[in-house]
Amino acid sequence: MRSRSSPGFVSSQEVARLAGVSRSAVSRTFTPGASVSPETRERVMKAAKTLGYHVNHLARGLISQTTGIVCLVVSDIATPYLSSMVDALTRRLQEAGKVAMVINATGKLEKIEDAIRQTLHYRADATVVLSGSPDRAIIQTCLDSGQRMILLNRDEMLPGIRNVSLDHAAAAREALDAFLAAGCRRLAVVTSAARTPSLVGRETGFVDAARAVGLEVATWSEGPTAHASGAAGARRLLGRTDRPDAVFCVTDLLACGFMDVARHEFGLRIPKDVSVIGFDDIEQAAWPSYNLTTFAQPVAEIADYVVTCVAADEVAEAVPRRLFAAPMIRRSTVRR
């Protein structure tokens, strides 16, 4: 690489000067499908390699009105499910030639709207919202700006939005059926105070299915969606005289917290004394210390679908919610 008098990125003009061609010839050389002679291409590529030239895609985006940037708006990124989803999405987007920009909505960004507004500053082609429930006004602003919006497990249904979710109600009914088949009748559900659409969907799906067969469900719904909240729920529910013999935890982290307290503080055997089902199929669920029966999030399938939406030629007008099934992963926390 040739040394330069001042630091900074090499410009296309410098490449053109060294190659002895016009600046437009340099541009055509690095534009897929553009017409350029083999000789000119060879000279430009040789000059670019010598100087260490890299195409400025951001500058091209100002002209083409497409930046290739896809923003992922997410909070609680350290949780196992969200970290696995971000990992899958970033890898798939990069494979598709997109630039994945993660905006962490935890911390100084007090509202999810603040995070989404940043995506407009960067002229992102699309935004994928993994956390929070954004206001309709900011969603409409993004759509009016030509940005594609993909919402994961959110309630908003506006023209132009792609809404991706799981069939939470079906999974909840399957959880109930597993408990009933095991002979369990004293039911409980452990959730959190987050009240996100996905968590509410699992909770209400389970409660409604139980009531349909004449059974009531005790509910714990306090604290963040974390191990400690599952532990707190176990202390409350298992301390009752009519303690449950089957508990549906709406996430695996809650289930792990519940199981730890059930075993180590109450001396209960799982599943003999109490059966437990979680949701998400995080890595810890398969650990021998838990071996948790749960529902798997189809992370790879969702990531593939999101990338398809981002790459679609036309913006959706009134796309219905795309539901994915969450298969049950049967392990050893439900009596057989």
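Two strands are taken as paired if DSSP finds at least two bridges between them, and the strands themselves, like the helices, are DSSP runs numbered from the N terminus (E, at least two residues, for strands; H or I, at least four, for helices). On that basis, strand β3 (residues 126-129) pairs with strand β4 (residues 148-152) in the parallel sense, over 4 bridges. Within this pairing, Ala-126 stands opposite Arg-148 of β4. The model is a predicted one, in which local features need pLDDT of at least 70 and side-chain atom pairs count only at pLDDT 80 or more, while totals for chains, interfaces and linings use all residues. Residues are numbered from 1 along each chain as its sequence is written, and side-chain values use heavy atoms, with hydrogens and water left out.

The β3-β4 pair belongs to an open sheet of 6 strands with parallel pairing, in the order β2-β1-β3-β4-β5-β11. At the edges stand β2 (99-104) and β11 (322-324), each with a single partner strand, so one side of each has no neighbour in the sheet. From one strand to the next, the twist averages 20° (axes are lines fitted to C-alpha atoms, for helices over the stretch in contact, and angles run from 0 to 180 degrees between N-to-C directions). Helix α5 (residues 80-95) packs on the sheet, touching β1 (69-74), β2, β3 and β4, and its direction makes about 180° with that of β1; contact here means heavy atoms within 4.5 Å. Helix α7 (residues 136-144) also packs on the sheet, where it touches β4 and β5 (161-166), at about 140° to the direction of β4.

Turning to the aromatic residues, a search of the whole structure finds 5 aromatic pairs (rings of Phe, Tyr and Trp, the last by its six-membered ring, with centres within 6.5 Å; planes under 30 degrees apart count as stacked, over 60 as edge-to-face and the rest as tilted). The rings of Phe-248 and Phe-295 have centres 6.5 Å apart and planes at 80°, so this pair is edge-to-face. Phe-248 lies in β8 (residues 246-249) and Phe-295 in β10 (residues 294-295), so the pair ties together parts 47 residues apart in sequence.
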